[in-house]
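Here is the note you asked for on this model.

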Amino acid sequence: MMSAAPATEDTPTVDDAPTADAPAPVDDAPVTSADAASAGARVVLNNVGHTFDHRDMLFQHVSLVLLPRHVYALTGPSGSGKSTLLSIIAGWVEPSEGQVRRERCGRVCWVFQNPHGVARRLAVDHVALPFVARGETRSQAERHALELLDDFGLRHRAYAPFNALSGGEAQRLMLARGVASHAGLLLVDEPTAQLDLHAADTVNERLHALSSSGAIVIVATHDPHTRDACTDVIDLRDFQ
Ligand SMILES: Nc1ncnc2c1ncn2[C@@H]1O[C@H](COP(=O)(O)OP(=O)(O)OP(=O)(O)O)[C@@H](O)[C@H]1O
């Protein structure tokens with residue numbers, strides 16, 4: 001395991017980012033995760049810092065380049081700002097200091113700690129929908145969805161409505177949907193907090209498989225097993 005690449009002379013920095021001559025990245029462009037990797041996707045954080053009270057910085061001077069085919073564990077004590085940094089990377093929260101650039105990342109997918117689904121919709125339909133949206137027939141989409149549910153250890157829950165799933169099952173379902181939607185940037189908040197060891201291992205393996213397919217995967221976690229399953233670690237204690 002290694003630390004996430006700091007934006008040094010050896011790694012791309014914001015100075016390498018597209019200029020006015022290059023097309024601006026469009027976050028919602030319908031590219032697949034594999035496309036995102038081949039298109040040179042990356043997330044560049046340049047001296048990012050954040051405070052909610054204009055007094056105490058949660059973290060500061062975060063300068064990193066995040067690349068496809070890596071799974072970044074975002075670690076740090078409770079309250080150190082992991083979810084906040086995920087929100088900043090997603091573009092939902094403006095950092096108090098510095099800039100974030102998402103370059104050619106394609107679709108951004110967030111998997112929450114307490115996922116929301118459509119209560120009465122079947123699990124399989126949550127995962128089939130992105131395939132249908134890409135033009136597959138209903139039966140093709142269902143077949144692909146079932147394969148993904150199998151990967152996440154949820155095959156036996158495929159025909160359960162969302163509101164009958166446990167918290168851990170619901171979160172794995174949303175990870176499967178993230179894969180189905182071909183996210184180029186996948187942000188995951190505490191994916192294994194509600195899982196037993198076996199289910200957690202299944203999730204950790206799939207995170208890896210997803211990054212191999214070309215996505216940038218960032219996982220906020222307290223779980224040492226999840227951290228060890230990641231390729232890189234960003235420890236917020238290094239940015240206080
Ligand atoms: N919108 C907000 N307004 C004000 N304070 C906030 C807001 N969001 C988060 N905070 C505070 O910022 C700090 C960091 O929160 P955050 O959820 O990012 O930490 P975390 O490292 O993800 O925590 P945990 O590991 O417990 O989930 C906490 O003290 C939290 O109460």
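1. Into which domains is the protein divided? Domain 1 covers 1-11 + 27-107 + 185-240, and domain 2 covers 120-181. These bounds come from an automatic or database domain assignment. The contact takes 10 residues from domain 1 and 11 residues from domain 2, two residues being in contact if their C-beta atoms, placed from the backbone, lie within 7 Å. On the side of domain 1 that touches domain 2, helix α6 (residues 197-212) supplies the largest share, 5 residues. That side divides into 6 nonpolar, 2 polar and 2 charged residues.

2. On the basis of the model: it is predicted, local features need pLDDT of at least 70, side-chain atom pairs count only at pLDDT 80 or more, and totals for chains, interfaces and linings use all residues. Residues are numbered from 1 along each chain as its sequence is written. Helices (H or I, at least four residues) are DSSP runs, numbered from the N terminus. For the classes, Ala, Val, Leu, Ile, Met, Phe, Trp, Tyr, Cys and Pro count as nonpolar, Asp, Glu, Lys and Arg as charged, and the others, Gly among them, as polar.

3. Around the ligand lie F52, L58, G76, S78, G79, S80, G81, K82, S83, T84 and A220. A residue is placed there if its C-beta atom, placed from the backbone, lies within 6 Å of the molecule. Helix α2 (residues 82-90) gives the most to this shell, with 3 residues. By class the shell has 3 nonpolar, 7 polar and 1 charged residues.

4. Helix α3 (residues 123-133) packs against α5 at an angle of about 15°, with the axes 8 Å apart. Axes are lines fitted to C-alpha atoms, for helices over the stretch in contact, and angles run from 0 to 180 degrees between N-to-C directions. The two helices are therefore roughly parallel to each other; angles under 35 degrees count as such, over 145 as roughly antiparallel, 65 to 115 as roughly perpendicular and the rest as oblique. From α3, A123, H126, V127, P130 and F131 meet L173, A176, R177 and A180 in α5. This contact has 7 nonpolar, 1 polar and 1 charged residues.

5. Helix α4 (residues 138-151) and helix α5 (residues 167-180) pack at about 130°, with their axes 9 Å apart. That makes α4 oblique to α5. A145, L148 and L149 in α4 meet A176, V179 and A180 in α5. The residues of this contact divide into 6 nonpolar, no polar and no charged.

6. How do the axes of α3 and α4 cross? They come within 8 Å and cross at roughly 120°, which makes α3 oblique to α4. The contact is made by A123, V124, V127, A128, F131 and V132 of α3 and by R138, Q140, A141, E142, H144, A145, L146, L148 and L149 of α4. By class this contact has 11 nonpolar, 2 polar and 2 charged residues.
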